[in-house]
Amino acid sequence: MLQLDSIDFRYPTGDFHLSIPDLSVKAGGKVGVIGPSGSGKTTLLNLVAGILTPGKGSVTVDEMKISSQSDTTRRDFRITNIGLIFQDFGLLDYLDIQDNILHPYRITDALKLTGDVRNRAKILAEQMGIADKLNSHPPELSQGERQRVAICRALLPGPKLILADEATGNLDPKNKVRILDLLFRSVEKHDATLLAVTHDQELLSYFDRVVDFQDFLPGEAA
Amino acid sequence: MMDSIYLAWRYLNYNKARTAVLVTCITIIAVLPIALEILLNESERQLSLRAQSSPLLIGAKGSALDLVMNSLYFSDEVPETITMDAAQQVMATDLAAPIPLYIRFTARDFPIVGTSLDYFDFRQLKIAQGELFAMLGQCVIGAEVSQKLNLKPGDYIVSSPETLFNIAGVYPLKMKISGVLAPAHSADDLGVFVDITTAWVIHGLGHGHQDVTTTTDSSVILKKEVGNVTANAKLMQYTEITEENIDSFHLHGDPADFPLTAVLAIPYDEKSGTILQGRYLKKEIPYQVVQPKEVIDTLMANIFKIRTVLDAVIMIVATATLLALVLVFSLSLRLREREIDVIFKLGCSRATIARLLSAEIAIIVCMSGLVCAGLLVLISYYDQMLVRNVFM
């Protein structure tokens, strides 16, 4: 599903340097990514999502070598094939929950908002237990409920890959496990692959595999 | 594009206060200069039209503008008075028909216009309800007076005392409305028209009271001499002229000496007008004769200068407001940086983000445009009334 080969990435300014010789994730896998702050975990997600492109090496997602595609192709591929869950959920306060879930369909021509999509959104909301909140706005919801909305939004286009950046970072221990469990079940139900960045050592046992960014750091830092 | 408009609309709808402020600011910027232009053009039209249709005005020497504004537009500025003798002198020249005007008092904030029946013919004023005044104490009201005060023929309107606490002054006169004029779309719509003699009664130059020669109440008599009876303050004065007491009303003095604010002189022909004007050029004559059109043209020239200054001020204010709006919008973009980052990461192109933001501006401008159009339609529809009530 996901293959990174000989990745070398630097930001135009600053000393940051990320080097990943090889990283692969099989379809349906649930991979946790850990590492110290500033080690490049979020950069990895951005590279996989095609938001950033590596200076050297290649990123292949579902047999699409996205690192060599044009910006438009990468963007269209991302919104149709990759679901993103942000640490702060990235919900828009001015949209109600239904519109937040449908939001990706309103910001691109690559996805078509049809009656079927609307029905799927409702079913997803029911599965996540937020069907009664569809007309509410994010500030009216609890942290856990907002997290579920973010998951719904990520899953709605039927992505093959879910990228979660500290998706449980703002939750209390009890809710962390609940939401992670919900995320895992959703990923399994939709035959997706999960690549999740986390700081939380307690959650690592839930993943199939854990990638430690410490391994990618230069010798001295490691 | 529809999705961009939908999202923009949701944003604006969620931030109602911010949207309202932006719409209001843009509307004011757009409406103000156009509305002023409409109203100034209408005031210019009304002033000119009425001035053109008023050939000559004779009044006391002094401000020609006050004389014209009072006589033609019933303004509050009362010019120095002349006497009825001035009207009789015009009549005697056989060069023009005089219409006396005494515009000094008000009734419920509307000007009382003391004049003669010739005024209605001259101004081509039509009666919509009732009839012209036929009796002392009756009045005819303009269309707007009728509408605003909800008055009709048979109702009464009372003249207002010039000063509220002048207890030694004249009593207010309760006037019966004999008719209502059809809308004339001029200052006449705001007038309460009475016969010149009624205006003098309001002034206190004439009055009606109990007949002291036949009264049986001796307590009202102060002194009784042959051919003269002096009454005291107990004597009842009438505040309303009715068919029963009209005979008791009388003027004290020679009507030729009674005051007028102006005489509207209608020359029989152009030559007569020129000759008449020539007769008032002599220094010893205490009157002046003015052509209202000339006075108004001078006023217009000044208004035009003021308008230029006003336009410049509006431009400066509009520029400052627009800059403030740009600042507000750019600050709001900063506040939305996270949102823009999220939708960019989800897969939204920069062009779509620009389209979303443009849709917001377009909706705000459209809303302002609609409000602006609505206001301008209203202002255009009511421009004549607004000009009469606000500008004159």
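## Where the chains meet

Two residues are in contact if their C-beta atoms, placed from the backbone, lie within 7 Å. In this predicted model, the contact between the chains takes 17 residues from chain A and 16 residues from chain B. On the chain B side, helix H1 (2-14) and helix H10 (337-346) each supply at least two residues. H1(B) gives the most to that side, with 6 residues.

## Chain B at a glance

Let's step back to chain B as a whole. Chain B has 12 helices and 16 strands, and 32% of its 392 residues count as buried. Among contacts in chain B with a separation of 6 or more, 75% join residues 24 or more positions apart.

Leu40(B) and Val387(B) are 347 residues apart in sequence, yet 8.1 Å apart in space, C-alpha to C-alpha. Leu40(B) lies in helix H2 (residues 16-52) of chain B. Is Leu40(B) buried or partly exposed? Leu40(B) counts as partly exposed because it has 18 C-beta neighbours inside 10 Å, and a buried residue needs 20 or more. Not counting residues up to four places away in sequence, Leu40(B) touches Ile303(B) and Arg307(B).

## Two crossing helices in chain B

Helix H3 (residues 64-73) of chain B packs against helix H9 (residues 292-335) of chain B at an angle of about 110°, and their axes are 10 Å apart. That angle makes H3(B) roughly perpendicular to H9(B).

Which residues bring H3(B) and H9(B) together? From H3(B) come Ala64(B), Leu65(B), Val68(B) and Leu72(B), which meet Pro292(B), Val295(B), Ile296(B) and Leu299(B) in H9(B). The residues of this contact divide into 8 nonpolar, no polar and no charged.

Over in chain A, 4 strands form an open antiparallel sheet in the order S2-S1-S4-S5. Strand S2 (17-25) and strand S5 (64-65) of chain A are the edge strands, each pairing on one side only. Strand S4 (residues 56-61) of chain A pairs with S5(A) in the antiparallel sense over 2 bridges, and Thr60(A) stands opposite Lys65(A) in S5(A). H1(A) packs on the sheet, touching strand S1 (2-10), S2 and S4 of chain A, and its direction makes about 120° with that of S1(A).

How much of helix H1 (residues 41-49) of chain A is buried? The helix is mostly covered, with 7 of its 9 residues buried. The buried residues in H1(A) are Lys41(A), Thr43(A), Leu44(A), Leu45(A), Leu47(A), Val48(A) and Ala49(A). Just after H1(A), Gly50(A) takes a positive phi of about 80°.

In soluble globular proteins, nonpolar side chains tend to be buried together. Here, the largest nonpolar core has 74 residues, of which Val48(A), Ile85(A), Ile101(A), Ile162(A), Leu163(A), Ala164(A) and Leu195(A) touch the most other members. Helix H5 (residues 143-155) of chain A gives the most to this core, with 6 residues. Apart from this core lies another, of 65 residues, including Phe120(B), Ile177(B), Val180(B) and Val295(B).

Leaving aside its neighbours within four places in sequence, Ile101(A) is in contact with Ala121(A), Leu124(A), Ala125(A), Val149(A), Cys152(A), Arg153(A) and Leu156(A).

Methods: Residues are numbered from 1 along each chain as its sequence is written. Chains are lettered from A and ligands numbered from 1 in the order in which they are written. This is a predicted model: local features need pLDDT of at least 70, side-chain atom pairs count only at pLDDT 80 or more; totals for chains, interfaces and linings use all residues. A nonpolar core is a set of buried Ala, Val, Leu, Ile, Met, Phe, Trp, Tyr and Cys residues joined through C-beta atoms within 7 Å. A residue is buried if 20 or more other C-beta atoms lie within 10 Å of its own, exposed if 12 or fewer, and partly exposed in between; C-beta atoms are placed from the backbone. Axes are lines fitted to C-alpha atoms, for helices over the stretch in contact, and angles run from 0 to 180 degrees between N-to-C directions. Angles under 35 degrees count as roughly parallel, over 145 as roughly antiparallel, 65 to 115 as roughly perpendicular and the rest as oblique. Ala, Val, Leu, Ile, Met, Phe, Trp, Tyr, Cys and Pro count as nonpolar, Asp, Glu, Lys and Arg as charged, and the others, Gly among them, as polar. Two strands pair if DSSP finds at least two bridges between them.
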